[in-house]
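I opened this entry to keep track of what I look up, item by item. The sequence and structure come first, then my notes.

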Amino acid sequence: MTDLSFLREMARKLRVEILKMLTKAGSGHTGGSLSAADIVTALYFYKMRHDPKNPKWEGRDRFVLSKGHAAPLLYAVLALCGYFDVALLQTLRQINSPLQGHPCCKSLPGIEVSTGSLGQGLSVANGLALGLKLNRSSSRVYCLLGDGEIQEGQIWEASMTASHYKLDNLCAIIDNNDLQIDGCCREVMNIYPIDEKFKAFGWHVIKIDGHNMEEIVAALDEVEKIKNKPSLILAKTIKGKGVSIFEGKAKYHGVAPTSEELEIALKELNNGKN
Amino acid sequence: MGKTECILSMSKVSVKDFFGKDMATRDAYGHILVELGKNNPHIVVLDADLSCSTKTALFAKNFPDRFFNMGIAEQDMMGTAAGLALSGKIPFASTFAIFATGRAWEQIRQTICYSNANVKIVATHGGITVGEDGATHQALEDVALMRVIPTMTVIVPADAYETAQCIISASEYNGPVYIRLGRAKVPSVLPEEYNFKIGKAYVFNIGKEVNIIANGMMVAEALKASEILNKEGISTGVINFPTVKPLDEVSLLQIARSSKLIITAEEHSIIGGLGSAVSEFLSENYPVKIKRIGVKDTFGCSGSWKELMKYYGLTAENIVKVVRENLT
């Protein structure tokens with residue numbers, strides 16, 4: 001039996017760390033870090049095989065944060081897993097910090113590949129998945145994409161590749177919070193229907209509520225059973241999820257909380273403490 | 001070209017077999033890659049629907065499980081190559097130079113170089129000698145585009161023998177490498193005892209007045225030019241500079257100390273390539289008069305490659321003319 005309440009509590013802690021580090025940094029991407037917090041919690045605390053004491057362990061599952069601007073989310077989960085000291089999170093975006101504005105694999109353990117320029121992560125995930133297959137490894141690859149990110153043409157090149165090479169050890173997850181910097185995805189450049197597009201490209205598609213831990217866990221279990229094709233978990237999410245003053249607001253895509261906002265946010269998150 | 005026509009041979013070859021051979025550098029690549037594949041199971045090859053032209057089709061024929069045709073999608077190819085490298089493979093990614101370095105530049109910068117992924121980008125059809133296909137397919141900026149990215153090593157071999165050697169060296173080196181190859185047949189220029197090392201220039205001879213620093217197919221032209229100039233009594237040397245980055249600064253200083261005039265010669269724009277690299281270093285460390293021979297900030301055009309070499313001044317005759325005009 002999966003301990004869903006443990007996962008929910010870890011997701012809450014993750015949100016607290018994300019907001020604290022963003023406020024300290026004074027800049028960074030709040031909305032998209034919070035929207036994917038539940039998914040990333042389930043990956044690191046439930047599904048993925050990984051060893052924080054041995055980040056390069058051959059048998060690990062790989063995670064590619066294609067939406068690299070959600071770096072605070074990745075840093076927070078790595079710290080809570082024990083890859084490095086949680087105190088390091090307070091150095092986010094500062095000079096000489098390994099916690100670069102966007103993830104750099106050369107400066108921090110646990111990061112598979114440097115990301116930040118949107119549209120490139122799925123190709124890398126494909127390459128990892130192909131390499132793992134060549135190595136006869138049972139490791140799996142998870143790739144988190146933003147929804148606005150799929151406006152990049154390279155995503156569709158990569159989605160063809162994943163299907164062409166039958167990468168059933170690959171699972172892409174779209175954080176479908178429906179907002180990008182300039183506004184609603186539908187209005188900036190319509191990306192819908194996402195599920196039909198990926199189905200047409202030969203993917204197995206699962207639609208879930210990206211904040212429902214039970215659904216997230218079930219989807220992550222399901223994709224392991226799919227053979228001969230890649231899987232996509234299309235997760236409907238809310239940008240800024242978990243803090244009502246940030247929820248559903250495009251403004252918080254690339255803006256850090258003020259200290260007043262942090263106080264309000266922490267109060268709300270701490271009220272939800274188990 | 002039919003599938004069968006592009007398969008040249010599958011007999012066993014070694015690096016020495018390329019010595020003395022007049023052949024296109026891309027052909028040497030295709031053959032040596034198969035040998036590399038036999039000796040190292042981690043070698044994988046990617047191509048973007050040009051495997052018959054880049055000659056990776058030979059590898060594909062021999063090792064179908066380690067060859068990935070990515071279709072006409074260079075950006076995805078570079079990202080996939082990075083992923084393969086990060087899973088412990090040694091990927092060689094090939095397409096035409098213009099698409100590799102132009103279309104996929106940002107993928108190379110962000111995903112390959114910033115992650116220090118061990119990817120070898122071996123691009124063929126560099127330069128004007130692409131010929132009839134014209135400007136859209138003639139990469140005259142590729143060396144500049146690759147040279148500017150941190151961590152990237154940039155190599156432009158002169159003949160088949162050097163190509164075979166630099167492909168092997170690249171496979172043994174850990175980090176991103178760009179190797180630029182050509183379409184047209186080039187004469188053998190390097191001697192049998194030649195031993196390619198990344199970052200090392202090869203001195204044919206040092207002139208007391210003029211030294212020509214060249215790479216790629218311009219090495220052969222430089223050698224012809226030096227013969228003419230030496231006969232005229234102008235002491236002229238030729239130095240092969242296959243590695244544009246990292247630059248062999250030690251050799252450059254020695255050359256500069258012995259030169260009244262340095263000529264750089266490359267089948268590339270005069271902006272950003274070998275000539276620029278040499279000028280940047282020497283202007284700061286040992287200023288000496290330098291004239292750069294290359295394509296002068298213009299697009300190419302259609303024509304036979306031999307005509308185009310003349311048209312753009314990439315000939316021994318033009319090197320001689322530039323030396324005469326500038327040696328005072």
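This is a predicted model: local features need pLDDT of at least 70, side-chain atom pairs count only at pLDDT 80 or more; totals for chains, interfaces and linings use all residues.

I looked for salt bridges between chain A and chain B and found 0. The rule I used takes a side-chain nitrogen of Lys or Arg within 4 Å of a carboxyl oxygen of Asp or Glu. Polar contacts are another matter: 12 residue pairs, both at pLDDT 80 or more, are in polar contact between chain A and chain B. A polar contact here is a pair of N or O atoms within 3.5 Å; within protein, one must be able to donate a hydrogen and the other to accept it, and residues adjacent in sequence count only if both atoms are side-chain atoms.

I noted which elements of chain A face the partner. Helix H5 (121-134) and helix H6 (153-164) of chain A are the elements that give two or more residues to the side touching chain B. H5(A) gives the most, with 9 residues. Helices (H or I, at least four residues) and strands (E, at least two) are DSSP runs, numbered from the N terminus. By residue type, this side of chain A divides into 11 nonpolar, 11 polar and 3 charged. Ala, Val, Leu, Ile, Met, Phe, Trp, Tyr, Cys and Pro count as nonpolar, Asp, Glu, Lys and Arg as charged, and the others, Gly among them, as polar.

Residues are numbered from 1 along each chain as its sequence is written, chains are lettered from A and ligands numbered from 1 in the order in which they are written, and side-chain values use heavy atoms, with hydrogens and water left out.

Next I took the extent of the interface. In contact (heavy atoms within 4.5 Å) are 25 residues of chain A and 26 residues of chain B. The two chains bury about 2,100 Å² between them, 55% of it on carbon and sulfur atoms. Buried area is the accessible area (1.4 Å probe) that two parts lose on being put together, summed over both.

I then counted salt bridges over all chains and got 19. One of them joins the side chains of A:Asp221 and A:Lys47, at 2.8 Å, N to O. A:Asp221 is in helix H9 (residues 213-223) and A:Lys47 in helix H3 (residues 37-47) of chain A, so placed that the pair links distant parts of the chain, 174 residues apart.

Now the sheets of chain B. An open sheet of 7 strands has the order S3-S2-S4-S5-S7-S6-S12, with mixed pairing; two strands pair if DSSP finds at least two bridges between them. Which strands stand at the edges? Strand S3 (67-69) and S12 do, each with a single partner strand, so one side of each is left without a neighbour in the sheet. Within this sheet, S2 (residues 43-47) and S4 (residues 90-94) run parallel, joined by 5 bridges. There B:Val45 stands opposite B:Phe92.

I found another open sheet in chain B, of 5 strands in the order S9-S11-S10-S13-S14, also with mixed pairing. Strand S10 (residues 210-214) and strand S13 (residues 261-269) pair in the parallel sense over 5 bridges, and B:Ala214 stands opposite B:Ala265.

Last, I checked the backbone. A cis peptide bond, omega about 0°, joins A:Tyr192 and A:Pro193. A:Pro193 lies in the loop between helix H7 (185-188) and helix H8 (194-200) of chain A. Another cis peptide bond joins B:Lys245 and B:Pro246.
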